[in-house]
Amino acid sequence: MAGLHLSSILPNPNRRTLAFIFLTALLCLLSYLLGIYQNSRSTLPPPLPAQRAAADCLLRPLPRPSSSAGADLDFLPRHSAAAALPRLPDGDLLPIPFCASNFTDYCPCQDPTRERRFPMHNLEHRERHCPAPDERVRCRIPRPEGYRTPLPWPASRDRAWFANVPSKKLSIAKAEQNWVRVEGNWLVFPGGGTSFSQGVKWYVDQMAKLFPLKSGEVRTVLDIGCGVASFGGHLLDYNILTLSVAPRDVHEAQVQFALERGLPAMLGVLSVHKLPYPSRSFDMAHCARCLIQWAGFDGLYLLEIDRVLRPGGYWVLSGPPINWKRLHKGWQRKPEDLQAEQNAIEDLARRLCWKKVSEKGTIAVWRKPTNHLHCSKKSKILKSPPFCEGTDLDFAWYKKMELCITPLPKVKVAEDVAGGSLEKWPRRLNAAPPRITTGKIKGITIKTFNQDNQIWNQRVVHYEAYLSSLKEGKYRNIMDMNAGLGGFAAAMSKYPVWVMNVIPADGTNSTLGIIYERGLIGTYMNWCEAFSTYPRTYDLIHANGLFSMYINKCDIVDILLEMDRILRPEGAVIIRDHVDVVVKTKRVAEQLRWQSRIVHSEKGPFHPEKLLIVDNSIAASAN
């Protein structure tokens, strides 16, 4: 036996057996290659299968139109990592109750009952004062009685349902100035204002004669003390995007009116802390009789305006004390007081190296220098405030204002624009911003910026399959809770919407300056607190990777309750995150009675990133 060859004890296969083995292997190989090809394609989820009865399934299918793009996904039985996430308290599947009816306009960080605890000096009581964790309410904000779906844009700019913002104070207090009128069931916005005696259209047309508004040079505007945002509403005709800011004061609902109209606005005040925007953000800042002591407090507030103005930006002041010689009687103020106030403003502007462009009628315009090369050399002669020190001059979240000039990036020659020149709108939207081309932010290059734009264009197309109302113009006010480079907002610019781009203040990269250089608007924010807005003010909320960022910082139930507070009753939410986090948020969404479902992202079924799509209009239409 030891001498036998191995070939003599093995069977000798015939040709038929070999052919069978070869064909079987070939078919297996072809099937494998076909599977790789199909799975590598980025496709939408498969059509919705027939609805099956599954009483024990946590993620129940929602009633939806027959054109729905995909099926609900259930990951609970197959993803053990979800168990590592913080657990909800016992009884977590019970619906979260509504608050009492007096919470209808509740703003947690601008609560009139809480502001009484803080000093009124410098309007500090009007700033953000958020409740401590043990003071937070765990209930949903109720809508006003008789609430109706807001009018679509652009009809909403001129009128809104009174039942949605049932406040008559402004219509009575500002009756002669035509801010807003109550006509039956409607709030009507005729375009009046304290400084708009002949209407806001006439006012803006006069302003356009003083400096360029139509050229695309001015794109982002900060309107301080905005009234009902009629100024910002009319600037949209010039392709200018205005962020209107006002406190929650005796005028009560002015910011709420603005948002109900579909105009960008948020609660805020010049007081102690810096405005939550980066340095060099706005092309123009505007104050129309906003009653701010610009020369008071050693010029602190004008220094803050200088900080947020981009190089070469404009500051527009109308109302007292401008043109005091002719108008002091109507203002019921002594001419010598008005003259002293204007002289102080002129002197401070000079020490900031601003150049006065024009003064005509009730409007005066100054321009910030394009760099500080000349200003730094003459600072001693001008007796200018000192230049601020520090490395991160963009960051402005709960940071106190300082009595110093925020320095512009250094230049070599007087003709250079500090930080780099900006393209005119609309080229500015997709051109690489100077903060990227100059390498200011680590890890972000022109290549990554362009790739980010491409990715978000693809993602927004994917969203259209799940939210058909995007194309129908149903959504107007949109919030991106973790905006990155502003790619989502740029991709959404093809629709008649505006986007509040939020950059988490505790994130790794402060990219809000990039967003403003693109001609978009936004703010810093910590999502463990409430946003500076009224309830029911956003149609669509987008959250990309937000819950992974905050999962170990604060309770995601509080974040989702805040989203529920600011979301309109028939609004939509898109949460993009890892599947385990999406499953967790889905459970809370059910407690909030949101009409939600988990679907694949555009990356397909084998990628761990999933979407939680919330479309509350489904429930409304079913009712």
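A salt bridge is here a side-chain nitrogen of Lys or Arg within 4 Å of a carboxyl oxygen of Asp or Glu. The model is a predicted one. By this rule, 38 salt bridges are counted.

| Pair | Closest N and O atoms | Relative accessible area |
| Arg568 and Glu260 | 3.8 Å | Arg568 7%, Glu260 6% |
| Arg435 and Glu517 | 2.9 Å | Arg435 2%, Glu517 5% |

Asp506 sits in the loop between strand 12 (498–504) and helix 15, and Lys553 in the loop between helix 16 (546–550) and helix 17 (556–566). The pair thus links distant parts of the chain, 47 residues apart.

Arg568 and Glu260 form a salt bridge. Arg568 belongs to strand 15 (residues 567–578) and Glu260 to helix 6 (residues 254–260), so this pair ties together parts that are 308 residues apart in sequence. Arg568 is buried, and Glu260 counts as buried.

Arg435 pairs with Glu517 in a salt bridge. Because Arg435 lies in helix 11 (residues 434–437) and Glu517 in helix 15 (residues 512–517), the pair ties together parts 82 residues apart in sequence. Arg435 is buried at 2% relative accessible area, and Glu517 counts as buried at 5%.

Salt bridges also form a network, which links Glu217, Asp283, Arg310, Arg367 and Arg428.

Notes. Residues are numbered from 1 along each chain as its sequence is written. This is a predicted model: local features need pLDDT of at least 70, side-chain atom pairs count only at pLDDT 80 or more; totals for chains, interfaces and linings use all residues. Side-chain values use heavy atoms; hydrogens and water are left out. Helices (H or I, at least four residues) and strands (E, at least two) are DSSP runs, numbered from the N terminus. Buried means under 20% relative accessible area, exposed over 50%, partly exposed in between (1.4 Å probe, protein chains only).
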